[in-house]
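Subject: Structure handover

Hello,

Here is the structure for your files. My notes follow below it.

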Amino acid sequence: MSDLVIRNAVPDDSAVILQFIRELAIYEKAEHEVLATVDTIKSSIFGPNSSTYAVMCEKLGEPIGFAVYFYNYSTWLAKNGLYLEDLYVTPAARGTGAGKALLKHLARIAVDKKCGRFEWSVLDWNTPAIQFYESLSAKPQPEWIGYRLTGQALLDLAEGA
């Protein structure tokens, strides 16, 4: 029997989630981009109008990873999809099955909710993650290029500039 437990995150997990976010950002060489705080995590994931969800992975009662996800929509399928925003497992717990357990848990949610897709993004240089995802039969979507508006560019577009 596995000693891994996947459970829904609760507001009291916010500090651990923030710690994991920072650790992930350090790994992705983007720690300076983390603006999240315990309070903003509480309100954005656990607030009454949140459309974001989180699950925790624990081993012997200690948190070793997490995943944050939300639902998107495919017009072509006319179905929701589950989008994995972040998945993180502590370095000491990698190779224990925690990442696969988190993905399996989310896949079950996607199937139970009749989602047409389960998607996520990975940095192109993150070879260990790419190899892990491909070992699960996940396929890259090379024909798609992600775009993003942030900061002043987002404000300019919103204001009609």
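F132 is partly exposed, at a relative accessible area of 26%, whereas Y133 is buried at 11%. Here buried means under 20% relative accessible area, exposed over 50%, and partly exposed in between, with a 1.4 Å probe and protein chains only.

This is a predicted model, in which local features need pLDDT of at least 70, side-chain atom pairs count only at pLDDT 80 or more, and totals for chains, interfaces and linings use all residues. Residues are numbered from 1 along each chain as its sequence is written, and side-chain values use heavy atoms, with hydrogens and water left out.

On aromatics, the structure holds 10 pairs. Rings of Phe, Tyr and Trp (its six-membered ring) pair if their centres lie within 6.5 Å; planes under 30 degrees apart count as stacked, over 60 as edge-to-face and the rest as tilted. The ring centres of F132 and Y133 are 5.6 Å apart and the planes stand at 45 degrees, so this pair is tilted.

As for the fold, the chain has five helices and five strands, in the order β-α-α-β-β-β-α-β-α-α. These are DSSP runs numbered from the N terminus (helices: H or I, at least four residues; strands: E, at least two).

Buried residues account for 30% of the 161 in the chain. Of the contacts (heavy atoms within 4.5 Å) between residues at least 6 apart in sequence, 55% join residues at least 24 apart. Along the principal axes, the C-alpha atoms fill a box of roughly 55 × 35 × 35 Å.

Regards
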